[in-house]
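Dear colleague,

I am handing over a structure that you have not seen before, and below it I set out what I found when I went through it. Please keep the sequence and the coordinates open beside this message as you read.

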Amino acid sequence: MRPIEALLFVSVALFSVTALAADKPQPDFVADPAVQRAATAYAAQAVATARDQFGIKLDGTDVSMAQLEAVLARAHTSYAAKSPRPSDEQVMAVARMYGSYLGEVYRLKHGGAWGMAPLDGQTLPGMRTTAGTNFWPWTQASQRISKGAGNNVADYYKVLLTK
């Protein structure tokens, strides 16, 4: 076999393997200990930041979601008032912190796991309840900051409790 033919054979073989892998169903949730560790650290940071910057106590209870909503309402007001608006990366830095708090309270009170789950064609950090429902606390917090009250995290949490 000439070198060019060998190269074409290898390319076709690799393409076939890639195509076969793409045909396999992708898992809808993969637990990830690294996401869990990050969420635990971010949640602790959220508690400290809410206390130090807003005088709001996030105490790790289901009821504290109302306080979390108050913090994110302030974050949205600040976001909406800035020109130019904060970048998606800046919003996500805050959202990771407060979304982790939401997720950690849920996990510690009701069970579940942190990991990676598909959402709108992307695979993002999220959670799975013990009943098998996926949810995305970081994404929800980001939407609350950037889009406003229609993405209320206390209401979101109440819905999670029914899943």
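Leaving aside its neighbours within four places in sequence, which residues is Val71 in contact with? Before I answer, please bear in mind that this is a predicted model. With those close neighbours in sequence set aside, Val71 is in contact with Ala50, Phe54, Ile56 and Tyr98. Val71 itself is found in helix α3, which covers residues 65–81, and because its relative accessibility is 0%, where anything under 20% is taken as buried, Val71 counts as buried. The C-alpha atom of Val71 is separated by 9.6 Å from that of Ile145, although the two residues are 74 residues apart along the chain.

Helix α2 and helix α4 (residues 88–110) pack at an angle of about 110°, and their axes are 7 Å apart. Since angles of 65 to 115 degrees count as roughly perpendicular, α2 is roughly perpendicular to α4. The crossing of these two helices, α2 and α4, is left-handed. Taken by type, the residues of the contact of α2 with α4 divide into 10 nonpolar, 5 polar and 3 charged.

Helix α4 also packs with helix α6 (residues 153–160), here at an angle of about 25° and with the axes 12 Å apart. Angles under 35 degrees count as roughly parallel, so α4 is roughly parallel to α6. The crossing of α4 and α6 is right-handed. From α4, Leu102, Val105, Tyr106 and His110 make the contact, and from α6, Val153, Tyr156, Tyr157 and Leu160. The residues of this contact of α4 with α6 divide into 7 nonpolar, 1 polar and no charged.

The strands come next. They form an open sheet of 4 strands in the order β1-β2-β3-β4, with antiparallel pairing. Because β1 (30–31) and β4 (134–135) stand at the edges and have a single partner strand each, one side of each is left without a neighbour in the sheet. Strand β1 is joined by 2 bridges to β2 (residues 113–119), and the two run antiparallel: Val30 stands opposite Met116 in β2, and the bridge partner of Ala31 in β2 is Gly115. Gly115 in turn has Gly126 as its bridge partner in β3, and β2 and β3, which also run antiparallel, are joined by 7 bridges. In the hairpin that β2 and β3 form, with 2 residues between the strands, Asp120 takes a positive phi near 50°.

Helix α2 (residues 33–54) lies across β1, β2 and β3 (122–128), and runs at about 110° to β2. Helix α5 (residues 137–147) packs on the sheet as well, where it touches β2, β3 and β4, and its direction makes about 105° with that of β3.

Terms used:
Residues numbered from 1 in each chain as written. Predicted model: local features only at pLDDT ≥ 70, side-chain atom pairs only at ≥ 80, totals over all residues. Heavy atoms only, no water. Pairing = 2+ DSSP bridges. Contact = heavy atoms within 4.5 Å. Axes fitted to C-alpha atoms, helices over the stretch in contact; angles between N-to-C directions. Buried < 20%, exposed > 50% of the residue type's maximum accessible area, 1.4 Å probe, protein only. Parallel < 35°, antiparallel > 145°, perpendicular 65-115°, else oblique. Left-handed = near helix turned anticlockwise from the far one by under 90°. Nonpolar A, V, L, I, M, F, W, Y, C, P; charged D, E, K, R; others polar.
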